[in-house]
Amino acid sequence: MILSDTICAIATPFGEGGIGIIRISGSDAKKIAYAVFRPKRQYKRFESRRLYYGTILNPAYNTSLDDVLMAVMERPKSFTGEDVVEFQCHGGQLVLQRVIELILRHGARLAEPGEFTKRAFLNSKIDLAQAESVIDLIRAKTDLSLRAARIQMEGQLSQKINLIKEDIVDLLVHIEAELDFSDEEDVTGISDLEIEKRLNGIKNETQKLLSTYEEGRILKEGISCVILGRPNVGKSSLLNLLLKEERAIVTPIPGTTRDIIEEIVNIKGIPLRLMDTAGLRETQDEVESIGIRFTMKRLEASQMVLFVVDISSNNFEEDIKILEKIFNKKIIVIGNKIDIADKKAQDSFRKIFKRMTKVEISALLDRGAEELRQTIYTEAMGQKVYELPDIIISNVRHKNILEQADKAVAKAEEALKDRLSGEFIAVELKEAIERLGEITGAITTEDVLDRIFSQFCIGK
Ligand SMILES: Nc1nc2c(ncn2[C@@H]2O[C@H](COP(=O)(O)OP(=O)(O)OP(=O)(O)O)[C@@H](O)[C@H]2O)c(=O)[nH]1
Ligand SMILES: [Mg+2]
């Protein structure tokens, strides 16, 4: 399928850079590119997948706009499956803008977000799950999430889905053959026991994939985590410790932090969105109380709380009052200032927070940081700290589809148990096959495609 119009976009991020890349794709890509490009040397023709050095000419003024490298990737061996031309220009915003305008004047139109990738999908260069992984790859914040995106991009998730689908198709064929030809002698029937066994196998596979979703989502999107506690307990020091830099202001004056400071830290592969906040207390200070309001709002939207207490204070009444107000969050109690806490204080800390997940650290002397990282990881991943499987689903669209397919298979099992006619089983199996096809895009609607590709950046 070749879409008729030719699209172009600046493919590198907005701002200044060493180089900036402009991408053109479509049936007129070569024609347009050759109209604006003048090579430094004469060539009989431009070959596919070679670099050519030259200038971009502005015919209106007969001046050159920029020195560039041009690469032509002829269809079908290109990212989109269409003729693609890329110009590597200097990375100035104005230069790139002028070159794009020139290309537009020659008949291309500006690409919509994700349109290059969408064309790659429509031209069967990649399937839908692979296309979705492009955005995961671009946004990956840690090596682990990068790996998960790469595996999906290589098509391993799609292969897995197709295998499950084939299993269902095979079972369906047997059941339908039985329905159509059950009175003919040479059709070897399939026993109920065999059907049950196969349905079970299929359900195992879908559920195994579904069980990776929670971790997959955390790997991809990260987890948002608020550092909470009374003033002066060492919240900002903790942020700096985990970041390994002096990011937040630390002073002995209670009420130092007012604005929320947000940073992403890599905790063993999990992107942790960490927020340092204003210490919680009754205060007359107007600015500080606004800060406390901000804190409470962020707390609501977060999944995890690092609750910092000062062990050396040996008085945790106020801390517990705050702690009692936190619901539905993963909480880690952090006993800070262990370096100046005496034995008695330490014991009472351990006793009072006995039932909580807790870590003792010294943010000042960089003690306990590794244990804290491990605890955050375990807490985020919900105790399931095994080697993550290679194929992980992290996309809510995939999860919903798998759940629907899983439900259809469960209904087929029920029909079998209730000794209903094979037709009832067949209907559910067809439903499951159709749903699974939506993951790889064997079946799609324009609506679904729009929703997926509109999340991309322009030029991708
Ligand atoms: N001895 C010791 N002092 C610490 C430790 N961590 C922090 N401090 C000191 O405690 C004081 C307060 O630290 P901050 O990190 O600013 O505390 P905070 O909780 O962010 O305070 P507010 O922003 O005012 O709520 C500073 O003087 C730190 O140097 C620690 O582990 N041991
Ligand atoms: Mg602070």
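The model is predicted, so local features need pLDDT of at least 70 and side-chain atom pairs count only at pLDDT 80 or more, while totals for chains, interfaces and linings use all residues. Residues are numbered from 1 along each chain as its sequence is written, chains are lettered from A and ligands numbered from 1 in the order in which they are written, and side-chain values use heavy atoms, with hydrogens and water left out. The chain is divided into domain 1 (7–127), domain 2 (134–212 + 393–441) and domain 3 (218–380), with bounds that come from an automatic or database domain assignment.

**Domain 2 and domain 3**

- The C-alpha centres of domain 2 and domain 3 are 44 Å apart.
- Seven residues from domain 2 and eight residues from domain 3 take part in the contact, a term that means heavy atoms within 4.5 Å.
- Between domain 2 and domain 3 about 660 Å² is buried, and carbon and sulfur atoms give 68% of that area. Buried area is the accessible area (1.4 Å probe) that two parts lose on being put together, summed over both.
- On the side of domain 2, K141, T142 and L144 supply 59% of the area buried against domain 3, more than any other three residues.
- One salt bridge is found across the interface of domain 2 and domain 3; the term stands for a side-chain nitrogen of Lys or Arg within 4 Å of a carboxyl oxygen of Asp or Glu.
- K220 and D136 form a salt bridge, their closest N and O atoms being 3.5 Å apart.
- Two residue pairs are in polar contact between domain 2 and domain 3, both at pLDDT 80 or more. A polar contact is a pair of N or O atoms within 3.5 Å; within protein, one must be able to donate a hydrogen and the other to accept it, and residues adjacent in sequence count only if both atoms are side-chain atoms.

**The magnesium site**

- S236 (OG) and T257 (OG1) coordinate the magnesium ion (ligand 2) at 2.0 to 2.1 Å. Donors are N, O and S atoms within 2.8 Å of the metal (3.2 Å for Na, K and Ca), and water is not among the atoms, so sites may look incomplete.
- The pair links distant parts of the chain, 21 residues apart: S236 belongs to helix α9 (residues 235–243), and T257 to the loop between α9 and β9 (261–267). Helices (H or I, at least four residues) and strands (E, at least two) are DSSP runs, numbered from the N terminus.
- S236 is buried at 8% relative accessibility, and T257 is buried with a relative accessible area of 11%. Buried means under 20% relative accessible area, exposed over 50%, and partly exposed in between (1.4 Å probe, protein chains only).

**Helix α9**

- Nine of the nine residues of α9 are buried, so this helix is largely enclosed by the rest of the structure.
- The cover over the buried residues of α9 includes β8 (223–229), β9, β10 (270–276), β11 (304–310), β12 (330–336) and α13 (369–380).
- K244 follows α9 and has a positive phi, near 60°.

**Backbone features in loops**

- The peptide bond from R75 to P76 is cis, with omega near 0°, and P76 is in the loop between β5 (63–73) and β6 (84–91).
- N314 has a positive phi near 50° although this residue is not glycine. N314 sits in the loop between β11 and α11 (317–323) and is partly exposed at 29% relative accessibility.
- D366, also a residue other than glycine, has a positive phi near 60°. D366 lies in the loop between β13 (357–360) and α13 and counts as exposed at 52% relative accessibility.
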